[in-house]
Amino acid sequence: MHPTAVFVLIAVLVAAVIWLAVYALRRRSSRVSRQMTPPPEPTPTQIAEDDRRRAAIIVNPTKFDDVDAVRGRVRAVCEAEGWGEPIWLETTVEDPGTGQAREALKRGADLVCPLGGDGTVRAVAAGIIDSDMAIGLLPGGTGNLLARNLDLPVDDLEAALRVALTGRDVAIDVGTVDVVVPGDTQDEHKDHYFLVMAGMGFDASVVADAPEKLKAQFGWPAYVVAGMKHLNGKRFQVDASIDGGQTFHRRVRTVVVGNVGRLQGGFELLPDAHAADGALDVVMLSPKGLIGWASVGAYIATRQHRGHRRVEHYRCKTMHLELGSTQVIQLDGDPIGSGRVVAFAVKPHCLKVRVA
């Protein structure tokens, strides 16, 4: 072989060896770099929708003129707070919220938010009591009394939803009611929950007679209109026993049992009631005529805590009432029918509520 050809061949072989060595080093370096360098953090747009928290919104559609507009507002707040597309469930006449709450649990919701009045809140809560699920209160009713008593927003949907999405959980009590309804053959027991107040007599009659259209248009003043119709009603007999104690007899115009005590306008009907104190507060009112009601109204409005012969306050864990006549009963602003024997009890710290 010509000497020049030999040198050319050697040069080609050396270049090939050097190239292979460099290539191998580059691959090894690349593997080491990939092992030592952590992957970049995903941007919000790269996070899968299934990995984001989702709130179930259980809405009473009768409370809003434009449900689609409300749904858009809710979606916008959820997006702004980094939550996924909300689960939207609507109540019906047949199911005012309990079945929807259970459906939300099955669908893996991280939070359940009733959007309606206190009646909607009560029905939704019945589906998640004693669970780890928290409830976020969104204003949509006439009173929104539970939210008022927990110092939550009652006139700003967006603000209330932000509290629900970003707040902390507190455990509150729930009241239970066993109503014995007289039947043709045997008495029927009906168990219910309440979060705000239960009432019978004047209180329940006013709730039952307040026109829905008037409530939607004017809010709580609709109850004033209904109340004027019942001021001159008759008192009824009641035999009461508190915490299993001795039975006492009263003639009353109304009995209210509360888990909380604040009404619209800041009126403290039950000034010592607290949502998480493990007890129920009771007030029995027995005014006679318009003058009696005026005296009782002044007593409540001025928040006097001294005794009043027509106003009796009690505190209990259980209360058993036998009524002299069948009375309409309301729970959290919704009439539930009539009864003669009613048993109340408190279920402590069994419902988680999202607060600021």
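1. How much space lies in the largest cavity? About 80 Å³. The structure holds one cavity of 30 Å³ or more. Here a cavity is a set of points, on a 1 Å grid over the protein atoms alone, where a 1.4 Å probe fits but cannot get out; its volume is the space filled by probe spheres set on the points, which are joined across faces, edges and corners.

2. A word on the model before going on. It is a predicted one, where local features need pLDDT of at least 70, side-chain atom pairs count only at pLDDT 80 or more, and totals for chains, interfaces and linings use all residues. Residues are numbered from 1 along each chain as its sequence is written, and side-chain values use heavy atoms, with hydrogens and water left out.

3. Residues lining the largest cavity (an atom within 4 Å of a point) include G116, G117, D118, V121, L137 and L138. At least two lining residues come from each of α4, β5 (138-139) and α5 (145-149). Helices (H or I, at least four residues) and strands (E, at least two) are DSSP runs, numbered from the N terminus.

4. Next, a helix pair. Helix α3 (residues 98-106) packs with helix α4 (residues 118-126) at an angle of about 50°, the axes being 7 Å apart. That makes α3 oblique to α4; the term covers angles left over after under 35 degrees (roughly parallel), over 145 (roughly antiparallel) and 65 to 115 (roughly perpendicular). Axes are lines fitted to C-alpha atoms, for helices over the stretch in contact, with angles from 0 to 180 degrees between N-to-C directions.

5. Which residues in α3 and α4 meet? T98, A101 and R102 in α3 meet A123, V124 and A126 in α4, where contact means heavy atoms within 4.5 Å.

6. Finally, compare another pair. The axes of helix α2 (residues 67-80) and helix α6 (residues 157-166) come within 10 Å and cross at roughly 40°. That makes α2 oblique to α6. On the α2 side, V70, R73, V74, V77 and C78 meet L157, E158, L161, R162 and L165 of α6.

Note on methods: 1 Å grid on protein atoms, 1.4 Å probe; cavity = no way out; pocket = protein on both sides within 12 Å on 5 of 7 lines; lining within 4 Å.
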